[in-house]
Amino acid sequence: MSYFCNDDAAYRPPEARGPAVLTNLIPYYMLRKVRTVLAVVFFAAVTLLFLDFTGTAHAWLGWTARIQFLPALLALNVGVVLGLVVLTLVFGRVYCSVICPLGVFQDVVAWFARRRRCLRYKYSPALTWLRRAVLVVFVVALVAGFGSAAALLAPYSSYGRIASSFFAPVYAWGNNVLAYFAERMGSYAFYSTDVWLRSLPTFIVAAATLIVLVVLAWRGGRTYCNTICPVGTVLGFLARFSWFKPVIDTDKCIGCKRCARSCKASCIDVKRHAIDYSRCVACMDCLDNCSEGAVRYIHPRRRAPQKAAAGPAPAAPDAARRGFLTAAGLLASGLALRAQRKKVDGGLAVIEEKKVPRRGVPLVPAGAMSLRHFTQHCTACQLCVSVCPNGVLRPSADTGRLMQPEMSYERGYCRPECTKCGDVCPAGAIRPFTAADKSATQIGHAVWDRTNCVVLTDGVACGNCARHCPTGAITMVPSVPGNAASPKIPAVNVGRCIGCGACENLCPARPFSAIRVEGHEVHSEI
Amino acid sequence: MDDSRHNGKSLSRRDFFKVAGAAGLAAAGLAACGGRDEAAAGGEDAAPAGEMTRRPNPKTGEKVSLLGFGMMRLPFKGGEDGREGGETVDQEEVNRLVDYALAHGVNYFDTSPAYCQGQSERATGAALSRYPRDKYFVATKLSNFSPDTWSHDASVAMYRNSLKELRVDYIDYLLLHGVGMGGMEELNHRYLENGVLDFLLKEREAGRVRNLGFSYHGDIEVFDYLLARHDKYRWDFVQIQLNYLDWKYAKQINSRNTDAEYLYGELEKRGIPAVIMEPLLGGRLSNVPDNIVARLKEREPERSIASWAFRFAGTFPGVLCVLSGMTRMEHLQDNLRTYSPLEPLTQEEFQFLLDTATMMMKFDTIPCNDCKYCMPCPYGIDIPGVLLHYNKCLNEGNVPASAQDPRYRAARRAFLVGYDRSVPRLRQASHCIGCNQCSPHCPQGIDIPKELHRIDAYVEQLKQETL
């Protein structure tokens, strides 16, 4: 589809206008195309990170998550942060229009909206006070350790939640269809994967964010980026001083307002020939839409007079905060297992689902180092949750750590060979670790619960926990001291336990395992 | 014949052609039964050429078809393999199979109250009752495995229920089911102390049981005990496991079992007709390693792998009937071809099969026949599913011995992905706690927890790449 709205006879396509301005390499009328192509590439790459449950995409594309502003800041990734600052100081907020997946996502929504009616925007004054207020709240939340409150506002993690809640299931279902056919053709190219709701509160937050974003983007383009997004506010401040910026040539301008009407950031004030660079995301749409070639992306010789006019603010919805309820009780299948009497007629016993036990201290993966480090750095983007192949990581429903991942072992356990969460975390909340590091990092310890152990309740021999403990921390000991013939119960050597949860996951007791892992506030090396 | 093929969800090319062949036959119409299907060119796709071989029952003189229809592996609705529990037997398909079998000379149908999650007898009754009572022989068993059926009354109720389910006034062949599992002690509990065997002897006198016998697995003491009292009990037939692997290697495969050579010899000595079960070892003699396939096909390129096993079992003159659990039409058709008529093995071919067995012993497949007697596992594990997956991978060369194996990557993926496909994670070997409630029920005497733990340890090595 051609983007240009050439609905008036005077319109001239950009190729027919003046010479290249920015450089000799890229004619100015190509700038928008370059921006679009780059944006699509970044957007696809970041989205793929959330879709790819095999973890193979991260080796190639993991860097697209690591160059996101807030994760890089939290990871104290000086190089990336400096790079983004320099990028913004040279080109303006191209981060927002190319690198940020949430920004591009809004552009996609707006693109659909524009198919119905183009040149749909108009200039509106900046809501500077709101932007600053949100930024202050955001910084305070981060510093005070309310990471999940900050995560509500952070653009990359918002997109992560949307992608992992809505796009990833669709992708996984598509994969499962392929796996279905592969299985019937005797191919092992695809294998099916579980699709499950990891946390209702997080899903609701993601849904609310998605709705608000779609509505805002449909109606007003980059409203979110220029009123709420704290990253947008910070970069906007830098972008005022950027070297290159779109500039209106007052000699050529005929005041047709095509530029303002095409500006999704609503930042072009044609009357005053001024552009609010704190809101301009350098999308280059205005360049393409000016039939006179009056908007050019150049380094202005004189600073263009610009003043953000404060006007009456329409109520900006901050609905991302809206409507999440904490923990809905898990629906437990009321089917009791009770060891069925042995018959010989085949069939399979019903397996009752495991329930999440209460853990005094939540469990976080090996690279997290400590609960405190983890909650301070995690942006709740759900990348690790999406990629966890064992169904261990899921967003917390705890109000203090809402949406930040935690571990639980109902569906699987933290397998010794897996290092994926550490490989993918862009924010340094889970530092990269090796399988060897993990086998020596104590993230918690196992606790035996006499009342559930099948050795005592069913009177059968077991020892499945001991058999599967990767560190050999569990020994089976006689339940009656001194009587070697008595049923054997597990004894946990806490000093060797790393808290991987193999024992808890593979314990036959249901719905609550007879052995559960308690987290440690600070991880230690054993 | 192929008792385990129905477990594999994948449709091999060969299976495809067989299905196509069956479809062709169905199209030709059952009116053409007995005749050769003109359209089918290859040996494997043709309908049986001649008459079914029949063997006389020495007591009654009745002629029993050499191929007996085992009703243990009946098709389930929707093509399910009966793994999950709660499936229903596909009666229409059962009828179709029974119709075809009867039309081609099969007249012996073997069921039990325990088969197909308890649905087999009813399905058998429904299918057979559409024919005159003198057109078929029905065999069923007194399957009082569970201790709460050990009482006289409960066992007799089970027997009477069999008559009702089968819709018959008399049973042609009645068996004490699976004696030897649990040793003499269980034999005492199930049949001797409670007077159930005496009751059955009386039923035989009354004509409601025309032939009385027992099926045997496991402890040889029980087999010898019952045969030693042949004068008292006058066994009309005995059902034993016989095939070219068990002929000399049953004891080597599992020390609890006894070589078929001995079992058959004991019966022949006393002139007791033998009914053969597991001629294919639950499909393990049709799904064989590739080198065995090549070896057998080299001799008889147009015959199925399974046909060798059936010819082996049928060649013994003292064999009355060879049972096969046939889930699909192509199993039935292949077996019909083998036995219509039987071409007995020559002495040289007999030795060839024994040599083949010696070669097969080098593969350490687990002797699971997928009879599901071990099921349901109280902790939800799909025991036969796990064991069969392992065997399948062994046969297909997907059990790499080390990471240096040139096919390691592909084999690892096939093993692990196939494992998750054939057995849901919650039902895999890692959940086996070793309570050992299953092993006593295994007719093959497999130490199930040991095998599951071994497979689980292997899976861990594959997953962690520490092989």
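The model is predicted.

## The chains

Chain A contains 21 helices and 10 strands. Of its 526 residues, 46% are buried. Chain B contains 17 helices and 10 strands. Here buried residues make up 53% of 467 residues.

In chain A, take the contacts with a separation of 6 or more: residues 24 or more positions apart account for 74% of them. In chain B, take the contacts between residues at least 6 apart: 75% join residues at least 24 apart.

## Two domains in chain A

Chain A is divided into domain 1 (14-162 + 203-298) and domain 2 (342-525). Their centres, taken over C-alpha atoms, are separated by 42 Å. The contact takes 24 residues from domain 1 of chain A and 22 residues from domain 2 of chain A.

Which helices supply the domain 1 side of this contact with at least two residues each? In chain A, they include α1 (31-51), α2 (57-66), α3 (69-74), α8 (147-153) and α9 (155-184). By class, the domain 1 side has 13 nonpolar, 9 polar and 2 charged residues.

## Gln382(A), a buried loop residue

Gln382(A) sits in the loop between α15 (371-377) and α16 (383-387) of chain A. Is Gln382(A) buried or exposed? Gln382(A) is buried, because 29 other C-beta atoms lie within 10 Å, and 20 or more count as buried.

Leaving aside neighbours within four places in sequence, Gln382(A) is in contact with Gly160(A), Arg161(A), Ser164(A) and Pro395(A). Pro405(A) is 23 residues from Gln382(A) along the chain, and their C-alpha atoms are separated by 7.2 Å.

## Two helix pairs

Two packed helices are described by the angle between their axes and the distance between the axes.

| Helix pair | Axes come within | Crossing angle |
|---|---|---|
| α7 (residues 128-144) and α12 (residues 230-239) of chain A | 9 Å | roughly 115° |
| α2 (residues 91-103) and α3 (residues 120-128) of chain B | 9 Å | roughly 55° |

In chain A, α7(A) and α12(A) cross at roughly 115°. That angle makes α7(A) roughly perpendicular to α12(A). The crossing of α7(A) and α12(A) is left-handed. From α7(A) come Arg131(A), Val134(A), Leu135(A) and Phe138(A); they meet Pro230(A), Thr233(A) and Val234(A) in α12(A). This contact has 5 nonpolar, 1 polar and 1 charged residues.

In chain B, the angle between α2(B) and α3(B) is roughly 55°. The two helices are therefore oblique to each other. Is the crossing of α2(B) and α3(B) left-handed or right-handed? The crossing of α2(B) and α3(B) is right-handed. On the α2(B) side, the contact is made by Gln91(B), Val94(B), Asn95(B) and Val98(B). On the α3(B) side, the residues are Ala123(B), Ala126(B), Ala127(B) and Leu128(B). The contact of α2(B) with α3(B) has 6 nonpolar, 2 polar and no charged residues.

An α-helix has 3.6 residues a turn, so residues three or four places apart point the same way.

## An enclosed helix in chain B

Why is helix α12 (residues 305-315) of chain B described as largely enclosed by the rest of the structure? The reason is that 10 of its 11 residues are buried. The buried residues of α12(B) are Ile305(B), Ala306(B), Ser307(B), Trp308(B), Ala309(B), Phe310(B), Arg311(B), Phe312(B), Ala313(B) and Gly314(B).

What do these residues pack against? Two strands of chain B, β9 (274-277) and β10 (319-325), are among the partners.

## Asp110(B), a buried strand residue

Asp110(B) lies in strand β4 (residues 108-110) of chain B. With 27 C-beta neighbours inside 10 Å, Asp110(B) counts as buried.

Not counting residues up to four places away in sequence, Asp110(B) touches Gly68(B), Phe69(B), Gly70(B), Met71(B), Ala139(B) and Leu323(B). Asp110(B) and Phe137(B) are 27 residues apart in sequence. In space they are 8.6 Å apart, C-alpha to C-alpha.

How values were computed. Residues numbered from 1 in each chain as written. Chains lettered and ligands numbered in written order. Predicted model: local features only at pLDDT ≥ 70, side-chain atom pairs only at ≥ 80, totals over all residues. Helix = DSSP H or I, 4+ residues; strand = E, 2+ residues; numbered from the N terminus. Buried ≥ 20, exposed ≤ 12 C-beta atoms within 10 Å, placed from the backbone. Contact = placed C-beta atoms within 7 Å. Domains from an automatic or database assignment. Nonpolar A, V, L, I, M, F, W, Y, C, P; charged D, E, K, R; others polar. Axes fitted to C-alpha atoms, helices over the stretch in contact; angles between N-to-C directions. Parallel < 35°, antiparallel > 145°, perpendicular 65-115°, else oblique. Left-handed = near helix turned anticlockwise from the far one by under 90°.
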